[in-house]
Amino acid sequence: MYPFNLVDDPWLRLRRAETGEITEMGIADALLNADSYGELVVDLPTQFPAIMRQVLLPIVLDALGSPADLSQWVRRFSKGRFDEQEQDALGAYLETHRQRFDLFDSAAPFGQVAGMRTSKGETKGSALLVATAATGNNVPLFASRTEGDPLPLTPTEAVRWLVHAHCWDTAAIKTGVVGDPKAKGGKTTGNPTGPLGQLGVVMPIGRTLYDTLLLNLPIGVGGWLGTPQWTRMSGPEWEMRAANGLLDLWTWQSRRIRLVPEETDEGPRVTRVIVAAGDRLSYVPDREPHTAWRANKPTAKPGKKTASSPVRPLRHTPGKAIWRGLHALLAVSGNEPVEGFQTSVLLAQLGGLAAEGLFDESYPLRVETFGMLYGNQSAVVEDVLHDRTPLPVAALRADTEVHEFVLDAVDQAEQLAQAVNRLSDDLRRAAGLDLIPWDKAQRPGERVLHALDPSVRRLLHGLQGNTDTDVMCRARNAWESTAVRATMRVADSVYAAVSESVFAGRENKTDNGTTMPPFGLGRAFLAFYSRVDSTLPSAQQERRKATSSTISRRPSMKRRYWDRLNDDGGWLPVDPTTNKLLGAPPGEDLALMRAGLAVRACELWEMCRFYTFKVNDEEARRGQVSREQEAEHAALGLYGLHQQSKRTSMHRAGVGLGVALRRLRDHGKFSADAVNVKVTAAATTTDPDALLLRLRGLVDLLRTIDQPLDYDRLMWLIYDWHREDRRRLARRRWALEYQVWNQQRGGDAPADPETDAAVPAEAKAS
């Protein structure tokens, strides 16, 4: 036949720990020098657990036995390599079973049934073994080949896909073979997926192959070892049964397979295969070490059978990063499921070792997850799930600060995503749009989780070996600052996706037919900020910084015209910097400013003496003025209108436009509805000239009730109106000031910014 023995012939691809070079080798070299190799390199991520469970781990466990207790495991792990005695035992074991590792043996080929055939002597293409290849109903999108195209597999490729099929093969109909009494009409039905396809596989990974092997050996299973598949002969018949031990479970033959090789100019190639039904697991034993668990809910209906086990395997969710499932992976306190979850046997084992001080908490542990997403009655492969993340060993102990911090970070990330989803709902409701269905489209909260993904992984890496309280405190502050910045960026993009006409909100009807009051832009963002602040309490200052205006201000040459008040609110007689006389503004100055409302900046030369911004020579040569000068010119014109015939200053630092207009609305002199209409018309303009026109009318109304406002802030608001991104921020601050009521006073009493009541800090920031 074609000699190819897995013990000596190269088929395992391993990366050398020191150089990173990828080398192919057989089982003997890989195990005897396991300390020299790092990771196992595979064609598809799901091949990794298949090779580990079907080949490497069972050999080590059967040849060397299971560690009897924690101390024995620690002694073996701390050596960092197989000692001479263990190497001799491994070599003797491989020599004893060498024939059973021959891939094309005529009597007992590895993982196959020799001479298996169908009644018509039919075979199928080798693509049937390859999860990513087009065959039958399993046709990947944009596949470069069809089922009719041959897929010759080298012996090394064939053995990797052989063990993969035993672990992950699709369900449904399989070929009926001669000697299978359960086959009917040349086929068998009701086949489940491979055993790993029913799990969410979780594996701890170490620095070297040796470490990874030891990390995946459960302690104290000597009474439940069973036998691996290569110690017995398999025929075409199969049965449904329970695993007789861990070795049987790991090397489970879920399919009866025969590889059909042929000689080519390039050597032997597997082009045809037979894949028939194999043994079926009657249940997944709760001693399965490579999965986390979910608690089975008790049956409430009388007479209905209860679950045979208090837990069931926890499968991975497509699109969900591994760190989002840390509540399950870190459910390590005791044997009972914690919050409905129970971690894997191997992670719980590491937590116990760390709790006894037997495992170094600075060890660079990594956890990898594997899964398969099936479709169409599990008959096709839709996706392969794989993720990896660093995991602090201290997090596997429920009594550590690291454990609490890691779970807090996961919860905070999910809560921030929900806060953005709620903001999206509120903004769409204010715009009169339908809400995004939670199950039929991507919600914006997913973008928050995606943005936080690298930060969470860096956090987990940074916490490995760092349990100092000061380090933890700095890490928590850094995490919360990073999280709030990422969340605010996504929130800004959500706001940018709605129309600029969203300000006052719209009335919405509830399911019972009642009408809800308008939920405007300000209330939407106040609710969002409250959720963010409650989630990240120590990052409130960072959140306010992220939501405040960050325009680039050119330096002014002197005190602005309206800035002529002393600390007591009276007129400042002399500028303390220049000794220039100030006092109340002269009427002729105010008249000149009002005249400036009809012209552009610098067109009325007499007003130039009021400007404070430095002239840009380059812009002046082109006959242009800066946006700062345009904004200051407009603000001066409005100030001249506002201050006309007033004995007290109409400029009051800290009183934003929204606050002043809210006081106008609640004053009672004018209809509140009419004021709302005028304010909404002004706030939803998109042109600076149109804004100035609307502001003239509003400032005139403020003048009639002697309501001052902050002209520095008004000037920067006008400046912001020239660019959409800055205009949206200005409109948001305006809405917060105008629409938010002081809930502490009750009723509709306006919240004054001076009292620090309901209006948030960013609604008052200049």
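**Close-up views of a predicted protein model**

View 1. Serine 126 is found in the loop that joins β4 (124–125) to α5 (155–168). Helices (H or I, at least four residues) and strands (E, at least two) are DSSP runs, numbered from the N terminus. This is a predicted model, in which local features need pLDDT of at least 70 and side-chain atom pairs count only at pLDDT 80 or more, while totals for chains, interfaces and linings use all residues. Residues are numbered from 1 along each chain as its sequence is written, and side-chain values use heavy atoms, with hydrogens and water left out. Serine 126 counts as buried because its relative accessibility is 1%; buried means under 20% relative accessible area, exposed over 50%, and partly exposed in between (1.4 Å probe, protein chains only). Apart from neighbours within four places in sequence, serine 126 is in contact with Leu151, Pro152, Leu153, Val270, Thr271, Arg272 and Val273, where contact means heavy atoms within 4.5 Å. The C-alpha atoms of serine 126 and isoleucine 274 are 8.5 Å apart, although 148 residues separate the two along the chain.

**View 2. The two faces of helix α3.** Helix α3 spans residues 70–79, and its buried residues are Trp73, Val74, Arg76 and Phe77. Seen down the axis of α3, these buried residues fall within an arc of 165°, so they line one face of the helix. The arc is that of the directions from the helix axis to the C-beta atoms. An α-helix has 3.6 residues a turn, so residues three or four places apart point the same way. The exposed residues Arg75 and Ser78 are carried on the face of α3 turned away from its buried side. The cover over the buried residues of α3 includes α2 (47–64), α4 (84–96), α6 (209–215) and α9 (345–355). Just after α3, glycine 80 adopts a positive phi of about 75°.

**View 3. Helix α3 crossing helix α9.** The axes of α3 and α9 come within 11 Å and cross at roughly 90°. That makes α3 roughly perpendicular to α9. Axes are lines fitted to C-alpha atoms, for helices over the stretch in contact, and angles run from 0 to 180 degrees between N-to-C directions. Angles under 35 degrees count as roughly parallel, over 145 as roughly antiparallel, 65 to 115 as roughly perpendicular and the rest as oblique. On the α3 side, Leu70, Trp73 and Val74 meet Gln349, Leu350 and Leu353 of α9. By class, this contact of α3 with α9 has five nonpolar residues, one polar residue and no charged residues. Ala, Val, Leu, Ile, Met, Phe, Trp, Tyr, Cys and Pro count as nonpolar, Asp, Glu, Lys and Arg as charged, and the others, Gly among them, as polar.

**View 4. Helix α10 beside helix α13.** Helix α10 (residues 401–430) packs with helix α13 (residues 521–535) at an angle of about 175°, and their axes are 9 Å apart. That makes α10 roughly antiparallel to α13. From α10, the residues in contact include Leu416, Ala419, Val420 and Leu423; from α13, they include Phe525, Phe528 and Val532. The contact of α10 with α13 has 10 nonpolar, three polar and three charged residues.

**View 5. Tyrosine 93 in helix α4.** Tyrosine 93 lies in helix α4 and is buried, with a relative accessible area of 9%. Leaving aside neighbours within four places in sequence, tyrosine 93 is in contact with Ile59, Asp62, Ala63, Pro228 and Trp230. The C-alpha atoms of tyrosine 93 and leucine 64, 29 residues apart along the chain, are separated by 9.3 Å.

View 6. Asparagine 376 sits in the loop between β15 (366–375) and β16 (380–390). Asparagine 376 has a positive phi of about 50° although it is not a glycine, and at 53% relative accessibility it counts as exposed. Glutamate 382 belongs to strand β16 and is likewise exposed, with a relative accessible area of 53%. Beyond neighbours within four places in sequence, glutamate 382 is in contact with Leu373, Tyr374 and Gly375.
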